Number of protein chains: 2
Amino acid sequence: MAGSPRNPDSAPKAAADAAPSGSGSGASAPDEGPARGGTISRRRLIGTAGATGVVLGAAGLGAGYAVAGARDSDGSDGAPLTSLGADSVSFEGARQPGIITPAQAHCHLVAFDLAASADRRAAAALLRRWSATARRLMAGAGTDDSTGIALDAGPSSLTVTFGFGHSFFARTGLEGQRPGALDPLPDFSSDHLDPKRSNGDLWVQIGADDALVAFDALRTLQRDAGGTARVRWQMNGFNRSPGATARPMTTRNLMGQVDGTNNPQESDEDFRERLFATGGGTRRPAWMSGGSYAVVRRIRMLLDDWDGLSRPEQERVIGRRKKDGAPLSGGSETTEPKLDAVGKDGKLLIAPDAHARISRPDQNGGAAMLRRPFSFHDGYDADGVPDAGLLFIAWQADPHRGFVPVQRKLDRGDALSKFIRHESSAVFAVPRGARKGEYVGQELLEG
Amino acid sequence: MAGSPRNPDSAPKAAADAAPSGSGSGASAPDEGPARGGTISRRRLIGTAGATGVVLGAAGLGAGYAVAGARDSDGSDGAPLTSLGADSVSFEGARQPGIITPAQAHCHLVAFDLAASADRRAAAALLRRWSATARRLMAGAGTDDSTGIALDAGPSSLTVTFGFGHSFFARTGLEGQRPGALDPLPDFSSDHLDPKRSNGDLWVQIGADDALVAFDALRTLQRDAGGTARVRWQMNGFNRSPGATARPMTTRNLMGQVDGTNNPQESDEDFRERLFATGGGTRRPAWMSGGSYAVVRRIRMLLDDWDGLSRPEQERVIGRRKKDGAPLSGGSETTEPKLDAVGKDGKLLIAPDAHARISRPDQNGGAAMLRRPFSFHDGYDADGVPDAGLLFIAWQADPHRGFVPVQRKLDRGDALSKFIRHESSAVFAVPRGARKGEYVGQELLEG
């Protein structure tokens, strides 16, 4: 998945060379996009800890964060062992944060609709306020005018990502700037979409490794919306906590399945081309150059049905081993599946309708997207069935060349289909990252 | 709050001397209760890291966990910096885990009702299954017969706590064993209780620092319930992630307020007496000796109203500074409030109806309880208002001498009342911890 440290450039920046918390002084290396610096910083942090014999004083971090065993003033040593709180991601950069940034432990997704009275100018003012808040909170400066919920916590790899939905453009008189990539998705037979939880004029994706930091950002951004926009829908998601596994691994979803093995890697030759839009040409407006498109779907998992299968039955549906994500044709998670391999019984080891087969790019004319999902669990219904599943978030240069062909194929013949239900759908245009002094979407709104 | 490292004995055990993951070999120091060993283990872990120059190999931890900068086999250093995944808590001990264990980042609360056909024997079998599962998962052995969701994650300080509600006893023919402490709570004028989310025959509290580990436990325990019991209600909660703050601090709630400052401390002379029941005497059955009672309430916060107040107005309601939790009469969070101190205007610095004044033990005949709350956020309603607040969990030797007198006083005159709404309520008898070979509640069910 996107959060895999296989994309080492997209690791969050560690505090050692990132913004001091609470200062708001803008020391967040504005020229460095969110995709830069992480691994080096982390390595440096570790190196320093080693050189000083484990204890890294607050002064060394500039932010009051005690890392790797520093002692509390009362002599106890319950001090945090991690840089979790101190890790920060830069708001400014070529790309918005939250696309190739490793997925955090918590997310909030929120769609807003503009108020009837809000015009293009009001929308521009809102994006300006939002960008200022995101810039401030991501640097760890959640101080006086915030809710107070994040006081004394570090930025905890907070990212805030802004997008524009299809309906935004007509409401602001910007139809001429609407990209063709936002054209509505086709209907899929497996869709059970709730319009109240679908679409929306504006989208905000919030991620952080601390739940209170994420909630503080959610509430502060909602307050910023004021009378200009109101919440259309809101969803909460989660992923594994950093450090919960022995080593970085592709995450698991609530079916217990390793999820995201086939994600494009930053080292791929066509990574940029697949993920990020270019301007020019018909209905490819210049303001989206360097941006990306997010397909966002709430995919309910029918977990009681799924858990009723035996493990071999589950593995047949997916085409991979549950334990380690290796293809049923053998090897490890990253081994290329042998799609033609047959077992002793003469049957294909990876079934014709196995999810891993059908979702492969080479089975879909090369269509690929970067999946950066979160799990959700919104309690139980009256029958004791969990309302749980996947907040599917997929990034690509054009959903009609990424998500759509893959989903069309899955819709026809994926063995997994009977265990999931697509309950909402939205597509958002997520422009390039803001430069110093800019706000996100400025090129669209003032262009 | 309960999770404060001020109770250093209750820190989770670090992997260095805890159970190896995935082995299920029971190396979890059965004589050591969940309240033991944490600080020493953690200190030892840090000490070792120092001695070896930061890198602690997997062999040193016995569980395959790489801590503090060990390198991945491919040479990248995205390995976890923390022992978060490897930390484990012992299931066996004088007390059940999850009472004085530091509150984890994630919790699930679930109430079950017994099926009509389930008798005392079926309930005993269920508690036996549940205890076996809790023992296994808490040791990090979430392997083949689980959902797979937690595969390759460590136990992540998982705790599972079992309790019995008032209705359990009549359904199992055990009325004679029902403690007086389970007598229904009085009505409070501020209650808006939903019976569907209140009470229940059985209660399971699950906590872990990783969301997938917690969800795996929830689903596995639900599966164990089989036809014997069904989910009555279920709630999800969260707290700060370990390492998100600069140093261990009392947590904050979603009002942004430091929450739990006045919790009893393990060093208090009467800590044990206030928290843990003794057997003998009228309606104090022996099986609850060493156990504790949990009052569980879903307290909705009216956050839009609260956030509409200025910071000084909020501080007046609470009687403490938002920034650091210090009483308005001065000092730091732990300074004793001067309840009689007046300002220049001749008014009490801590208002007569301030929450911090009214909830104080010395204002309530010494009534005290150990609060170990989690925050909740179940999305937004149609008006863009968050369904969020506090999963209030308070522990005491007898709710009628702990929660009730405090809540009576708050109900009459707490300035905070208009910003909160009690939406559900339950009380559970939580017996002592299981010994080796025992299951929780065995003394009740087979006594």
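Start by selecting Phe169(B): this residue is buried, with a relative accessible area of 0%. Buried means under 20% relative accessible area, with a 1.4 Å probe and protein chains only.

The model is predicted: local features need pLDDT of at least 70, side-chain atom pairs count only at pLDDT 80 or more, and totals for chains, interfaces and linings use all residues. Residues are numbered from 1 along each chain as its sequence is written, chains are lettered from A and ligands numbered from 1 in the order in which they are written, and side-chain values use heavy atoms, without hydrogens and water.

Now go to the aromatic pairs. The structure holds 22 of them over all chains. Rings of Phe, Tyr and Trp (its six-membered ring) pair if their centres lie within 6.5 Å; planes under 30 degrees apart count as stacked, over 60 as edge-to-face and the rest as tilted.

Select Trp203(A) and Trp395(A). Their ring centres are 6.0 Å apart and their planes stand at 45°, so the pair is tilted. Trp203(A) lies in strand E3 (residues 202-208) and Trp395(A) in strand E8 (residues 386-396), 192 residues apart in chain A. Strands are DSSP runs of E, at least two residues, and helices are runs of H or I, at least four, numbered from the N terminus. Trp203(A) is buried, at 0%. Trp395(A) is buried at 0% too.

Return to Phe168(B) and Phe169(B): they pair edge-to-face, 5.6 Å centre to centre, with 85° between the planes.

Last, select helix H5(A), residues 211-225. Of its 15 residues, 14 are buried. Just after the helix, Gly226(A) has a positive phi of about 50°.

How values were computed. Buried means under 20% relative accessible area, exposed over 50%, partly exposed in between (1.4 Å probe, protein chains only). The expected span of a helix is 1.5 Å times one less than its number of residues.
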